[in-house]
Each structure stands twice: as structure tokens, then as C-alpha cells.
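Student: Could you walk me through how to read this model, feature by feature?
Tutor: Gladly; let us look at it together.

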Amino acid sequence: MKIESEAALDELVICHKCHTVHKEIPIQDGAKACCSECGSVLYRYDSKLIDHGLALSLTALIFFFVANLFPLVKIEILGHTQYITLTKTFLSLFQNGFYIVGMMCLFLIFLFPLLIMLLYFVIFAILKFKGSPRLLKELLILLSHLKSWNMSEIFLVSIFVALVKLIGYAQIHMGISFWALAVFVLLDIYLNQHVHISEIWMIRRRYYGKEGTLDGNR
Ligand SMILES: [Zn+2]
């Protein structure tokens with residue numbers, strides 16, 4: 001198969017399971033295209049994806065903001081009460097000399113999840129309000145690079161493990177931020193699992209044409 005331009009490459013879809021290359025064809029709203037070799041879903045088209053994505057990413061960002069405002073947990077040991085906040089966890093790592101672990105935690109469980117959610121929000125907002133297709137393309141590429149570095153769910157699980165270990169020694173009260181973080185992680189998992197970048201890419205092409213030509217028309 002001879003590929004003449006980048007736009008021609010955009011018309012091809014590779015099956016995630018068997019790596020067979022297919023030519024993309026337009027499908028109806030709510031329908032899905034399956035691989036002719038193995039039958040797995042290649043892509044779907046859902047016109048409500050933009051509204052749902054925008055609402056979910058905005059909700060997740062609000063919960064992330066709340067998660068940073070209040071204490072995650074309140075721990076009482078022998079009459080001493082300690083409040084643990086999200087920022088305090090990173091600071092204590094740096095203060096105790098765990099610079100590499102601190103940097104890794106800061107990026108993997110704070111900055112990347114926040115940046116990814118912000119990217120989702122901006123991408124869906126651009127699609128909703130018909131913004132620049134060129135910016136949208138750059139953001140989608142950035143999102144596909146960053147997506148695999150999101151480890152916020154590992155953070156939530158590690159808090160659970162630490163709390164289970166402390167249960168015998170201390171009284172633990174979950175704060176508002178803990179539940180806000182849990183909701184953020186759930187929304188984050190849902191978006192990452194159910195919204196495929198290829199589907200957003202497809203909607204982009206439906207809205208702006210093959211090469212994002214709306215820029216030239218403006
Ligand atoms: Zn296949």
C-alpha cells in the first residue's frame with residue numbers, strides 16, 4: 001500500500017489486537033466498526049461524546065481542586081492529631097531528602113493527571129465551540145504522549161494500603177479531599193478507558209474535514 005501524504009495516513013486504522021490495517025469508512029451515529037480479521041472494535045462514532053467528555057472533564061477538575069483544598073485524612077495517635085493534605089505529602093518527601101521519589105510522585109500522581117484532565121477539557125471545549133483545528137491536533141498528539149504517564153489510581157490505592165496498615169495503631173478519619181480524590185480518580189479511569197483518542201480524532205475530521213481546513217476558511 002502506497003501512502004502519499006499525512007492526510008492519507010489519517011484514513012487508515014490499525015487493529016489494536018491483530019494489527020491489521022483497515023481503511024476508515026464513515027459510520028452512523030451510535031454505530032461501531034469492527035476488525036474483519038479478529039472482530040474487535042476498531043472505532044465508534046458517538047456524537048454525544050463531546051458533551052459527555054466536556055461535562056466529565058470539568059467535573060473531574062472541580063473534584064481535583066477540592067481534593068487540594070482540604071485534608072485527605074485526619075490521624076489521631078496517642079492524643080496527637082495530624083492532618084494530611086495532598087501538598088503536605090510531597091513536601092514531607094522533599095524535606096526528608098527523598099528528592100527522586102518526591103519528583104516522581106509530584107509528576108506521576110499530581111502534575112500529569114492534572115495536565116491530562118486539563119487537556120481533555122480544552123480538547124472537548126475546542127470541539128464544542130469549533131476552535132482552531134491546528135491547536136486541537138497539537139493537543140491530541142500531546143495527550144497521546146502523556147496518557148500512559150497517568151498514575152493517579154496507584155496513589156489512591158497506596159493511600160488505602162497505608163491506612164489499612166495504620167488502623168491498628170491510630171484513629172483515622174477520611175477527609176472531604178479523600179472522597180473528592182476518589183471521585184477524580186474514578187472519572188479519570190472512566191475517561192481514559194472509554195474515550196479513545198482515535199474517536200476524538202475521527203470527530204475532529206468530521207468537523208473540520210480531512211486536513212483541518214477550517215483554519216484556512218477563517
Ligand atoms: Zn483485528
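**Helices, core and sheet**

Tutor: The axes of H2 and H4 come within 9 Å of each other and cross at roughly 145°. Axes here are lines fitted to C-alpha atoms, for helices over the stretch in contact, with angles from 0 to 180 degrees between N-to-C directions. Helices (H or I, at least four residues) and strands (E, at least two) are DSSP runs, numbered from the N terminus. This is a predicted model: local features need pLDDT of at least 70, side-chain atom pairs count only at pLDDT 80 or more, and totals for chains, interfaces and linings use all residues. Residues are numbered from 1 along each chain as its sequence is written.

Student: Which residues in H2 meet H4?
Tutor: Two packed helices are described by the angle between their axes and the distance between the axes. For contacts, the C-beta atoms, placed from the backbone, must lie within 7 Å. On the H2 side they include Gly53, Leu54, Leu61 and Phe64, and on the H4 side Leu118, Phe121 and Ala125 are among them.

Student: How many residues has the largest nonpolar core?
Tutor: In soluble globular proteins, nonpolar side chains tend to be buried together. A nonpolar core is a set of buried Ala, Val, Leu, Ile, Met, Phe, Trp, Tyr and Cys residues joined through C-beta atoms within 7 Å. Buried means that 20 or more other C-beta atoms lie within 10 Å of a residue's own, with C-beta atoms placed from the backbone. Here the largest core has 23 residues, and Ala67, Leu181 and Phe184 have the most contacts inside it. The elements giving two or more residues to this core are H2 (49-69), H4 (99-128), H7 (176-194) and H8 (197-208). Not counting residues up to four places away in sequence, Leu181 touches Ala67, Leu72 and Leu156.

Student: What is the strand order in the open sheet?
Tutor: Strands of a sheet pair through backbone hydrogen bonds, either parallel or antiparallel. Two strands count as paired if DSSP finds at least two bridges between them. The open sheet of 3 strands runs E6-E5-E7, with antiparallel pairing. E6 and E7 (171-174) stand at the edges with a single partner strand each, so one side of each is left without a neighbour in the sheet. Between E5 (residues 73-77) and E6 there are 5 bridges, with Val73 partnered by Ile84. E5 and E7 are joined by 4 bridges, and Lys74 stands opposite His173 in E7.

Student: Why does E6 lie largely in the open?
Tutor: Of its 5 residues (80-84), the number buried is 0, so E6 lies largely in the open.

Definitions and conventions
A residue is buried if 20 or more other C-beta atoms lie within 10 Å of its own, exposed if 12 or fewer, and partly exposed in between; C-beta atoms are placed from the backbone. Two residues are in contact if their C-beta atoms, placed from the backbone, lie within 7 Å.
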